[in-house]
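Thanks for coming. I'll walk you through one structure this morning, so please have the viewer open.

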Amino acid sequence: MEHPDSSFIPDATTMMRWIETICDFGIRRPGYPADVKAEQWAEERFLEAGLQNVRREPVELPRWEPKSWSLEVWSDNEAAVRIELDCFPLPHSAPTPGIEAPIARDGDISGCLAVSTTMLTQLPQSLVRERALAFHDPDDEFSTLVQTLPFGRDMQAVMEPAMAAGAAGFIGIFDAPWETCDYYVPYDGIARPIPGVWISKASGQRLDDLMGAGPVTGRLVVDSVREPVTTNNIVGELPGSSDEWIVIGSHHDGPWVSAVEDASGMALLVAQAKYWAQVPEAERPHNMIFTLNSGHMVHGAGMRRLMLTHPDLIDNIVLAVHLEHTARECKGVDGKLVPTDDPEVAWWFTTRNDSLIETVRSALESEDLRRSFVVPPDLWAPFPTTDGGFFHMANVPLVDFLAAPMYLFDSQDTPDKIHEPSLVPVTRAAIRIIASALGTSAAAMRAGDQDPARVLSPALLHADG
């Protein structure tokens, strides 16, 4: 059988309908009612596709839910004039019934509400090209294209300088190309000991103007709950032509309704399940595990639990393929996000195995997936920023697909941000990559890894956030 067989692949309209259904559930933060619905949806689709041994594998993690929040600021010279700024709490930061303190940006910020600005990183694609293993860029866009990443310089450690300096609270100005304070960062699930909120660029300018005229005081209120809950990885299997395994995965949680992060990954994963379930068992390259994990937004809690639950599986995985974020590029125009017709730059994190690298490169070219890089797993070190990244540290050969648009952690990640024309080509490319593992063993795949000396710390898998 030649792969991919187009008759086995859901069309883009079907995949978009899945994405819209998932988004209609609501905000899918880990443990939220909408995430529970996403688990049920995934389980039903696995059973519908014909997967075997479909099951829920429990994942314990901290559920964080903000109930209400506010930020008032005023000049000490005119205390009767209070300004309320729109804001959003930093995930897993401490609640407070109300902190009233001086606001300070520089100098001694001990006991103050510390102000810091986060600007999203501008990444010239010519620099990524220098580190890439391969790429598909027939129009030579990478020579001039600059991508805005969803992180600033400090990545997720945005509150740490304020905490180290003894600040009473944190005010982060989110200086993005559009007007928003809905920035779900950090998402590592770590409880921070002080409260914090994000405000938008325009609100930040108002605050800076006020501070420029003299001392300013603020009152910060955050009512939030952080509690342990049990969520689930949704797992299904298909028997194949060997006793070894291919793992195909993504995650079902997200920071908001989150079409790109990661309803798109859910759709891509279900498309793979439907495809391979129609392929005769003898023509599947190996046994296959399909997993939609929980807790990506809590430092990959679901993937870590999967690895802890199945330690004997690790050495028998020929290839792990994870699919996340079929994204449309957006521009910031007059304070709004405006989608373009182009796909966002995509990274295909690929183990340093020459044969595997060539397979991925060829798949991207065959499906004309433009603006695509094949990059080493440790491009952003120490492992890919995907739900499958922990596999890299366990020396499991992998190919992880990911796009990182600037709006990835924002509430405006809605279905119009999906790059619909890429859904089927990405599905086809992943099928080509998976099919190439036929006749290759886990040992042989590892033997071709040019950088195998990685050690997965047990503490990393057990880390709480």
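Let's begin in a loop. Pro186 sits between strand S9 (169-175) and strand S10 (196-200). Helices (H or I, at least four residues) and strands (E, at least two) are DSSP runs, numbered from the N terminus. The peptide bond joining Val185 to Pro186 is cis, with omega about 5°.

Before I go on, the ground rules. This is a predicted model, where local features need pLDDT of at least 70, side-chain atom pairs count only at pLDDT 80 or more, and totals for chains, interfaces and linings use all residues. Residues are numbered from 1 along each chain as its sequence is written, and side-chain values use heavy atoms, with hydrogens and water left out.

Back to the backbone. Most residues other than glycine have a negative phi, and most peptide bonds are trans. Which helix holds Asp262? Asp262 lies in helix H6. The bond from Glu261 to Asp262 is cis, with omega near 5°.

Now phi. Asn53 is not a glycine, yet its phi is positive, about 50°. Look for Asn53 in strand S1 (residues 52-75). Asn53 is partly exposed, at 47% relative accessibility. The cut-offs: buried means under 20% relative accessible area, exposed means over 50%, and partly exposed is in between, with a 1.4 Å probe and protein chains only.

His325 also is not a glycine and has a positive phi, about 75°. Find His325 in the loop between strand S14 (317-324) and strand S15 (328-333). Is His325 buried or exposed? His325 is buried, with a relative accessible area of 1%.

Next, please turn to strand S13. S13 covers residues 287-293, and seven of its seven residues are buried. In a regular strand the side chains alternate between the two faces of the sheet. Here both faces are covered. On one side, Asn287, Ile289, Thr291 and Asn293 are buried.

What pairs with S13? Two strands pair if DSSP finds at least two bridges between them. Strand S11 (residues 216-238) pairs with S13 in the antiparallel sense, over five bridges. In that region, Glu237 stands opposite Ile289 of S13. Strand S12 (residues 245-251) runs parallel to S13, and seven bridges join them. Gly249 has Thr291 in S13 as its bridge partner. From S12 the chain crosses through helix H6 (residues 259-277) to S13, and this β-α-β crossover is right-handed. Right-handed means this: with the strands pointing away from the viewer, the path from the first strand over the helix to the second runs clockwise.

On to cysteines. How many disulfides does the structure hold? The count is zero. A disulfide is a pair of cysteine sulfur atoms within 2.5 Å. Take Cys112: its closest cysteine sulfur is in Cys87, 18 Å away, so that is too far for a bond. Cys112 is buried, at 9% relative accessible area. For Cys181 the closest cysteine sulfur is again in Cys87, at 6.5 Å, too far for a bond. Cys181 is buried too, at 12%.

Now the empty space. Rolling a probe the size of a water molecule over the atoms shows where empty space is left. On a 1 Å grid over the protein atoms alone, a cavity is a set of points where a 1.4 Å probe fits but cannot get out. A pocket is an open set with protein on both sides within 12 Å along at least five of seven lines. Lining residues have an atom within 4 Å of a point. Grid points are joined across faces, edges and corners, and a volume is the space filled by probe spheres set on the points.

Searching the whole structure finds one cavity of 30 Å³ or more. The largest cavity holds about 40 Å³. Its lining includes Arg29, Tyr32, Trp64, His92 and Tyr184. By class, that lining has seven nonpolar, one polar and two charged residues. Ala, Val, Leu, Ile, Met, Phe, Trp, Tyr, Cys and Pro count as nonpolar, Asp, Glu, Lys and Arg as charged, and the others, Gly among them, as polar.

The largest pocket has a volume of about 410 Å³. It is lined by 19 residues, and Gln156, Tyr187, His299, Phe383 and Thr385 lie nearest its centre. The lining divides into 11 nonpolar, six polar and two charged.

That's my tour. Thank you.
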